[in-house]
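Please open the structure in your viewer and keep the selection tool at hand.

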Amino acid sequence: MTMISDLSRDLVEEILSKVPITCLRAVRSTCKLWNVLSKDRVLCKTDITHQFIGFMVKEYRICSMRFSLHGVGSSINEIGNLFNQAEICNIIHCDGLLLCVTKEDKIRSLVVWNPYLGQTRWIQPINNYHRFESSDKYAFGYDHKNRNHKILRVFDVNRYEIYDFSSNSWRILDIIPDDDIWSRQRGASLKGNTYFVAKEKTLVDEDVVGEVEIDEPHNLLLCFDFTREGFGPFLPLPFLHYNEDIGTLSTLRDEKLVVLYQRMVCPEVEIWVTTNIEPDAVSWTPFLNIDMQPLDRGFQFGLCSGASFFIDEEMKIAVVFYIYRAEKMAKTRSYHSVCITGENGYLDNLDLGDAAYRHVPMRENPYCCPLVCSYVPSLVQIN
């Protein structure tokens, strides 16, 4: 009789490649070989190419996601019985941990989750959060001196609080902001810091207001350094970006920052990747420049106020998650969609189901836009 321990290493690696991240912990107890190979996968010692592994928030539910650029083996599965069925409106990945923001109307909670170890930590705020999820912004990172993880909260016109994992407590940061972090845009965690699209505050003499036309300042890049617990200098984006334009940040293997840009009512999409990125310095190189006009369902990602996306450097492909609105039988319906495009133009578009409409204030987006984050499993303890 063939035993599990008799299976070849190649076959076991193929089996493990199809196991959801949240189930890897269970298979480690199967035998010594499976334990070693699953740890290798957690520590990224296996050769997984052209495959995006991560999590997705869809209709306020967390889904595990495996997206293969070869066209086979992709899956998006809702994770049931998670966080007492709490609805999630934001998700941020840092160092193998996920920061999940719940959608409660009055008092919003934060949950830090290690999917591989199955550990969670609930974090309560020191005061009530805003009712609508885009009113507060969050960043997740760690101190480079001791790897202590921290959470930044931005609220009430640039007031700042920080949660320290080692002390299990919140404190207010004494920061006088000279920026306006773009309210519709979430940050991107990279190398323990978080980068935002922000606008430098413009001071205008009250005597000249109304007498001269004041040019709108364009947006810049801004880093929050969790070691210094402060913002760095404004950094240039590789284009002139204004609030009405579409722009969103992503990361590549926790090594590079990636930005997607599309001017308002313009079919061209630009994607740039950093060649060097530090809290006080950045340099960029173009990755893709795509004409989306041939896309028969339209070419604007703006309904999500910045779509989630990831790229594959070797294949020169970008995968963008957004909401698409279509007219069918005199009615407008909205769908969660995925656009796959590359240096040769538009490749494919996938529908992931209906997007539900919700009643919110005029400045809010009435749809729960799909949020996607990459994930690298880790052995970081949070309890």
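Select Glu-229 together with its contacts (heavy atoms within 4.5 Å): beyond its neighbours within four places in sequence, these are Lys-150, Ile-162, Arg-171, Leu-173, Ile-175 and Phe-224. The model is predicted, so that local features need pLDDT of at least 70 and side-chain atom pairs pLDDT 80 or more, while totals for chains, interfaces and linings use all residues. Residues are numbered from 1 along each chain as its sequence is written, and side-chain values use heavy atoms, without hydrogens and water.

Glu-229 sits in the loop that links β15 (220-225) to β16 (230-231); strands here are DSSP runs of E with at least two residues, numbered from the N terminus. Its relative accessible area is 17%, which means that Glu-229 is buried (under 20%, with a 1.4 Å probe and protein chains only).

Next, display the side chains of Lys-150 and Arg-171. Glu-229 forms a side-chain polar contact with Lys-150 at 2.7 Å and another with Arg-171 at 2.6 Å (N or O atoms within 3.5 Å, one able to donate a hydrogen and the other to accept it).

From Arg-171, move to Ile-162, which stands opposite Arg-171 in β11. Select β10 (residues 159-164), which pairs with β11 in the antiparallel sense over four bridges; pairing requires at least two DSSP bridges.

Finally, show the whole open sheet, whose four strands run in the order β8-β9-β10-β11 with antiparallel pairing. Its edge strands, β8 (137-142) and β11 (169-172), each pair on one side only.

Technical notes: Buried < 20%, exposed > 50% of the residue type's maximum accessible area, 1.4 Å probe, protein only.
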